[in-house]
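Q: Can you walk me through this structure? I'd like to start with the charged contacts.

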Amino acid sequence: MAMAGILITDDTAFMRMTLKNILSKNGYTIVGEAQDGLEAIDKYKSEKPDLVTMDITMPKMDGIAAIKEIMQIDQGAKIVVCSAMGQKALVIEALSAGAKDFIVKPFQPDRIVEAVQKALEG
Amino acid sequence: LNLDEYKDIFLAESREYLQTMNQSLLALESTPDDQESVQQVFRSAHSLKGMAGTMGYEMITQLTHSMENVLQDLREGNLQFNSTLADILFQCLDALEQMLLEIESGEEAQIQISDLLKKLRTLEQSPCVSAEVSEADTEVERENSNWIPQLEIYEHEILKESVDQHEKVYAARVVLREDTLLKSVRAYMVFRVVEEGGTLIKTAPAVQEIEEDNFGDEFAFVFTSRLEPEEILPKIESISDVETVVLVELESPAVQNESGVNEGTMDPAQSEKKASTKKMGSKQEHKEKTVRVETNKLDILINLVGELVINRTRIIEISKSSERGGLTEASESLDRITSEMQSAIMKLRMVPIKQVFDRFPRMVRDLAKENGKGVNLTIRGEETELDRSIVNQIGDPLVHIIRNAIDHGIEAEDEREKQGKDPCGRIVIEARHEGSYIAVEVEDDGCGLDPEKIKASAIRKGMISNEEAVHLSTEQTYQLIFRNGFSTAEMVTDISGRGVGMDAVKKIVEDLNGLIDIDSQPGKGTRITLRLPLTLAIIRALLVSTHNQILAIPVENVTQNLLISPQDIRYVNNQKAITVREEIVPLLDLDELLAGKCSPAGDVKQDVAVVIVGTGERKAGLVVNQLLGQQEVVIKSLGSMLGKLKGIAGATVLGDGRVALILNIATLI
């Protein structure tokens, strides 16, 4: 399989950087970064990533609304939610909105890679 | 996440697991190839590890993890069960128990586990098989269907409907990675997969528990689906953090329903026809039928019912003197309902004495081993129920009695053989109902008590004189054992034989309004019987009046009521006494006794009522003004201001609102 392209969505630059490092080290191409839900939707349309990582709490448009929108655009969209501990209800909401999997902060590299890999396969 | 609020439940559950492990290890000692027990210990250690990990108790996690490794080897046959292994595992359990105590009291961890960890590590065999482990795991689980959740009748109805629609019934067990975060969400993802093609019927633990992340690393569930196992399994396996999945298809329940439903619940695991499932099944069933309630909530309820009972009596008295017709009927039905409520509530206080007995097999094993003696323990009547507060206090006295039996009662093996006895000693612990008492007996077939030896020892210690010794009956001689500072042990061991035990035992039993008896035959054995009241909260009491107050005497302590005339009174050692059934009983004036004067009864110029009370061997005649009758009274504590008053067990409120003190005969006379 060709290098999968990934769109990273997170409102903090630190998190985006962390994710970017981990994923590119493991052979994924980062096709774009978004700081909020609205930007994620725009980038999804323009970059057509194979997978999106989606933070839940973000300004302008939160992750859950963004997941719903993206699923509307593309039923086959592959989205992995990034959540913090204690966001159980939100994670479940995101999953029922169509997200494939979730990872919990603080991130552990192998978990992220595993989740992304599984989501791309499934 | 505030973990403090989970601490209580963590402690309670952990202790249950420890108990299970203790029992299973004991079972393993007698049948070393009992796979079910190995499983039990393994599962318990595993669950404990998971719980401790969540709570952040590092030491417990470490220790249980190492235990798990050893148990894993055991389970796979890489390791043979032997007594060294058993000893180390038992030590681990003790260490865990200690850690729980430290957690409970909030103390700094004192206990060192590095030694234990080292011991465990030497036991462990080559730890290189991690790749095969999960497979072996799966194999073992397949063998064993204990984990399958039990279904209630209504759940069977749902199952039946699904089966009618040609859906299949499955049970699945999912183990998550140990360090999984948001486990509940993982479970949710699993259930979502399941519900794509069917219906989730039941989960273990319950859905709510799972939703609240209240489970270890694993959960199990029963569901129906129109999909084939090959379609479902990969989907669950592909969920992140899912380590292993076991999926079994259960036989359609519709066929066997007829026979199963009669029993109230049916075990779907039966369809797997495994004999071992039964035991576990019934245990789970038991769990689902109980609710954990904090004991102080229960105490409040019991207290309130006590108040209600008192007020009921009052209302009935008022209604008797009232003209209004309806009131009598209403108060009669109030009477009936409160009586029923009272007995129902009292049952809540009752707990099986098993709670206390459970620790004895382990204790007897350890003590016997230490002393190099063989001891066979038989426990009977562990389901006998007793008031919770009595159960809480009866443990230590029993421990002491059992220790004595092993230390001093049971002879060494060669000695026993010489006497033609079975080289292995026998101890029987039994609880049973005996009227309004519960009798708890500890019997051994050891050397028995030698009255002459006891007398000699008592004389040597200056407790009695030579002349007194001659006149003592065998029973009276045995009573010497309960005196402060008595011990006949030729060799003082570190656990008993210091002479500070039996007097404490007697005191605890008497504080509980109980009695203690010794029966012994030299060379044959000793039997110690404790008789304990069924309950402490409500007792039957004889109400008596003195010159200035009403007093309640527990009927257990009352042996007789008499009317005596002045000429019945004799003087023994300048003390007033009367003869009751050829026994001389000192006569005491209740008012004076309570006033702290131990002076004998004052001048008796006319016939007076005397209540003969007794506790154990001691008896006394209490001079009272009037006998008022028997009544059930609710014992209320006097509160911390007054604390423990000599001779007073508590107070009660009578039907007319007056307060009566309840006498504690054991400390009074």
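A: A salt bridge here is a side-chain nitrogen of Lys or Arg within 4 Å of a carboxyl oxygen of Asp or Glu. Arg177(B) makes one with Asp110(A), with the closest N and O atoms 3.9 Å apart. This is a predicted model: local features need pLDDT of at least 70, side-chain atom pairs count only at pLDDT 80 or more, and totals for chains, interfaces and linings use all residues. Side-chain values use heavy atoms, without hydrogens and water; residues are numbered from 1 along each chain as its sequence is written, and chains are lettered from A and ligands numbered from 1 in the order in which they are written.

Q: How many salt bridges are there between chain B and chain A?

A: The count is 5. Over all chains, the structure holds 40.

Q: Which side chain meets Arg177(B) at 3.0 Å?

A: That of Glu114(A), N to O. The pair crosses between chains, from helix H5 (residues 109–121) of chain A to the loop between strand S1 (168–176) and helix H8 (183–196) of chain B. Helices (H or I, at least four residues) and strands (E, at least two) are DSSP runs, numbered from the N terminus.

Q: Is Arg177(B) buried or exposed?

A: Buried, at 18% relative accessibility. Buried means under 20% relative accessible area, exposed over 50%, partly exposed in between (1.4 Å probe, protein chains only). Glu114(A) is partly exposed, at 22%.

Q: What about the contact as a whole, how many residues does it take?

A: 19 residues from chain B and 20 residues from chain A, contact being heavy atoms within 4.5 Å. The area buried between the chains is about 1500 Å², and carbon and sulfur atoms give 52% of that. Buried area is the accessible area (1.4 Å probe) that two parts lose on being put together, summed over both.

Q: Which residues of chain B lose the most area?

A: Leu181(B), Leu182(B) and Tyr188(B), together 35% of what that side buries.

Q: Switching to pairs within chain B. Which residue does Lys49(B) bridge to?

A: Glu68(B), with the closest N and O atoms 2.6 Å apart. Lys49(B) lies in helix H2 (residues 35–55) and Glu68(B) in helix H3 (residues 58–75), so the pair ties together parts 19 residues apart in sequence. Lys49(B) is buried, at 4%. Glu68(B) is buried too, at 7%.

Q: And strand S5 of chain A, how many of its residues are buried?

A: 5 of 5, over residues 101–105. Both faces are covered: Asp101(A), Ile103(A) and Lys105(A) on one side, Phe102(A) and Val104(A) on the other.
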